[in-house]
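Me: Could you take me through one part of this model up close? I'd like to look at the place where the two chains meet.

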Amino acid sequence: MSVDEVVCREFAELATEYLDGAMPDETLELVEEHLAMCDWCRDYLGQIETSARVVADAPQTAPPAPALEALVGAFRAHTTEDGPP
Amino acid sequence: MIAYKFLCAGGVGPFSRYAWPLPRDGAPGAWVISSGDAARCRAAVHACRVGDLPWWLQDELWEAELGGEVTAGRHKVMAARARLLRRVGGWDAECAQRFADACVARARDHAATALDRADATDLAVALRHAATPRRVRETVRDTVAPEPARVAVSMAGDAAIRALAGAAVVAAYIAAHTAARVDGPDGLAAERAWQSAWLRAELAL
């Protein structure tokens, strides 16, 4: 991170930490200075918040067994062929 | 301690989204008490000294009284509690636009200085004659600046574009960084000081 300010690229990496409230105070001040003047990063933050809320509110249903088996099989085949993704 | 808070329309905190208790019938708003240690950013109420204002521009500016332990951050102060005393009526959309336009003029002048130093005097004169953000934008678009001044000139154009879109806080940021481009960290500090002085004078703070 830059010494004196956060730029958009850095904010993209810090956004989740910011939303989790897990950021050191010194970094938090830099992040909020950036958010005060960057409408793009405010929009980005809003999109992440919305996504997290939608996922949290989604019903917790397991996929159908055949779909799950097909996914696991495809994953195993991929990792066997190419190594871990 | 008397300080200032920039809030979104309706008295809402821009980051906390907390709806501040507003003054009513001439009485201050209710005290807002932080949940913890004022020295810790997350656990404190935030406010601005006059010198901090250019970093935090929002829709509304409020005068606030801070109570308890007050500690200074880089561009803000943190307190254990605060209450709103009055809205600074001079800060509105028109004032924000005047401030943005003034910042464009400053960025333009810094860019013109860069042109002077690059021996592009004619271009510097033409840029200084651009009296409005629209003219600055147009002049920058038509200017092929020598390499040492290219970024500063481009930044002045960016400041104009953002000011024309009403983004005062961004115009101020760009003006400060244009100054930094031309005169280094001291230039940036001087530009932010100029911006604070503009707000202090305009708003009679």
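Reply:
**Where chain B meets chain A**

The contact (heavy atoms within 4.5 Å) takes 20 residues from chain B and 16 residues from chain A. Before going on, note that this is a predicted model, where local features need pLDDT of at least 70 and side-chain atom pairs count only at pLDDT 80 or more, while totals for chains, interfaces and linings use all residues. Residues are numbered from 1 along each chain as its sequence is written, chains are lettered from A and ligands numbered from 1 in the order in which they are written, and side-chain values use heavy atoms, with hydrogens and water left out.

The size of an interface is often given as the accessible area lost when the parts come together. Here, chain B and chain A bury about 1700 Å² between them, with 47% of it on carbon and sulfur atoms. That buried area is the accessible area (1.4 Å probe) lost by two parts on being put together, summed over both.

Now for the charged pairs. The rule finds three salt bridges across this interface, a salt bridge being a side-chain nitrogen of Lys or Arg within 4 Å of a carboxyl oxygen of Asp or Glu. In one, E49(A) pairs with R17(B), and the closest N and O atoms are 3.0 Å apart. Helix α5 (residues 168-203) of chain B gives the most to the side of chain B that touches chain A, namely four residues. Helices here are DSSP runs of H or I with at least four residues, strands are runs of E with at least two, and both are numbered from the N terminus. That side of chain B divides into nine nonpolar, five polar and six charged residues. For those classes, Ala, Val, Leu, Ile, Met, Phe, Trp, Tyr, Cys and Pro count as nonpolar, Asp, Glu, Lys and Arg as charged, and the others, Gly among them, as polar.

Another salt bridge joins the side chains of R162(B) and D39(A), at 3.3 Å from N to O. This pair crosses between chains, from helix α4 (residues 147-164) of chain B to helix α3 of chain A. Over all chains, the rule counts 14 salt bridges.

To place those helices, look at chain B as a whole: five helices and five strands, running β-β-β-β-β-α-α-α-α-α from the N terminus on. The C-alpha atoms of chain B fill a box of roughly 60 × 30 × 25 Å, taken along the principal axes.
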